[in-house]
Number of protein chains: 2
Amino acid sequence: MARSASAMRGQILESALRLFAVHGFRGTSLQDIASDAGCSKASLLYHFAGKEKILTELLTPAQDAVAALLDRVAGLEGGRLVEETVVGYVDVALLFRRQIRLLFEDIAEMSCHQDLSVMELADGLLDALAGRSQRAPARVAAWMVLGAVFITSATDDEVVPDDVLRAEMIRSALRTLDHPPS
Amino acid sequence: MARSASAMRGQILESALRLFAVHGFRGTSLQDIASDAGCSKASLLYHFAGKEKILTELLTPAQDAVAALLDRVAGLEGGRLVEETVVGYVDVALLFRRQIRLLFEDIAEMSCHQDLSVMELADGLLDALAGRSQRAPARVAAWMVLGAVFITSATDDEVVPDDVLRAEMIRSALRTLDHPPS
DNA sequence: GTCAGTTCTGACCGATCGGACAGTTATGGT
DNA sequence: ACCATAACTGTCCGATCGGTCAGAACTGAC
């Protein structure tokens, strides 16, 4: 066969991205990628120095986009800074959503593989956070709160004390949901 | 030794939770847990039917807590529903933050193991989203936006069209940051 | 002391996976 | 036609890991 180098490389990257997004990085073997791309596993390792290098090449454009965004807002301040950053970040995230998804698939597969009914619980939480509304604005805001609290809890910013963190998370979440302070 | 069954089980669970939270579920082998708990790998598998069962036992209390929360807010509606759900969810998330962290460590280790400087970029994004403020409310809100957009992008709620999703994500994020609409 | 039952362990197994390597096939320049 | 180089492959290897199993060590009841 011996097609041109760039063609095979592109095919490998595309197969890898798709399989990673479905089964996660660790859940996808080099053989899986090779079979999907239509070449041998050895051919994979001819084009890429290792499995991680494939992931790196897949993630680098997203990293560059964020770096470019940070560069673009470097000189701004105040309201313009926040607005531009938010819009830019959302656009980058949506542009590279498949890459983001591949990061989560390992988690999802791990959570679902057992008898835990996390999905049902997440749905219930989503409904309640959206105030039982099915409208898009409420549902999107609920999704964001779900993710925001989840990730923020996992971080350990030892600068912020726990009680302050709790209070600010609640306030922020209620703002996200457009809920007037009581 | 042959200590009482519950003592060894508890020791194993504690070691597993700590190691999972540091190296992730997949990044921790049964041998690692056994060494940390001070027993043999075979003894692990005497107390737990498999590696996943350990994870299940670690995650079940958190699942039960969420289920209890959903049960508690089942009869509420309107403002009370949202408030109770948010406060309850934040409390559960903070209570089980180590369990949540273990879910993310696999991602973190995967992202950091390569030459990508994701941490610096995340910090830069955090600063910009917080409007260069170092105050706790701004930083917590920035963290939440960071996680919210990240997770929401990874979900595919095919009910909401992409352009609507983008607009609502931006609006929600700006609300989270307490940014007045322009 | 005896014995049944629980707890624990060393040794082993099968499977999987990432990667190495020598050799083969195709390509393009001359 | 020739050949250097790039592209590709089959095969093998070492390491890791989850899990099994027969049997040892310990315990408490009698």
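User: Where in chain B is B:Arg132 found?

Analyst: This is a predicted model, in which local features need pLDDT of at least 70, side-chain atom pairs count only at pLDDT 80 or more, and totals for chains, interfaces and linings use all residues. Residues are numbered from 1 along each chain as its sequence is written, chains are lettered from A and ligands numbered from 1 in the order in which they are written, and side-chain values use heavy atoms, with hydrogens and water left out. B:Arg132 lies in the loop between α7 (118-129) and α8 of chain B, where helices (H or I, at least four residues) and strands (E, at least two) are DSSP runs numbered from the N terminus.

User: What is the phi of B:Arg132, and which residue of chain A has a phi near 60°?

Analyst: Most residues other than glycine have a negative phi. B:Arg132, although not a glycine, has a positive phi of about 65°, and A:Asp178, in the segment after α9 (162-176) of chain A, has a positive phi near 60°.

User: How is the relative accessibility of A:Asp178 to be read, as buried or exposed?

Analyst: Buried means under 20% relative accessible area, exposed over 50%, and partly exposed in between, with a 1.4 Å probe and protein chains only. A:Asp178, at 53%, therefore counts as exposed, whereas B:Arg132, at 40%, counts as partly exposed. A:Ala141, in helix α8 (residues 136-154) of chain A, is buried with a relative accessible area of 2%.

User: Which residues does A:Ala141 touch, leaving aside those up to four places away in sequence?

Analyst: Contact means heavy atoms within 4.5 Å. By that criterion A:Ala141 touches A:Thr176 and A:Leu177 in its own chain, together with B:Ser172 and B:Arg175 of chain B.

User: At what angle do helix α5 of chain A and helix α8 of chain B pack?

Analyst: Axes are lines fitted to C-alpha atoms, for helices over the stretch in contact, and angles run from 0 to 180 degrees between N-to-C directions. Helix α5 (residues 78-95) of chain A and helix α8 (residues 136-154) of chain B pack at about 30°, their axes being 9 Å apart. Angles under 35 degrees count as roughly parallel, over 145 as roughly antiparallel, 65 to 115 as roughly perpendicular and the rest as oblique, and α5(A) and α8(B) are therefore roughly parallel to each other.

User: Which residues make that contact?

Analyst: From α5(A) come A:Tyr89, A:Val90, A:Ala93 and A:Leu94, and from α8(B) come B:Val145, B:Leu146, B:Val149, B:Phe150 and B:Ser153.
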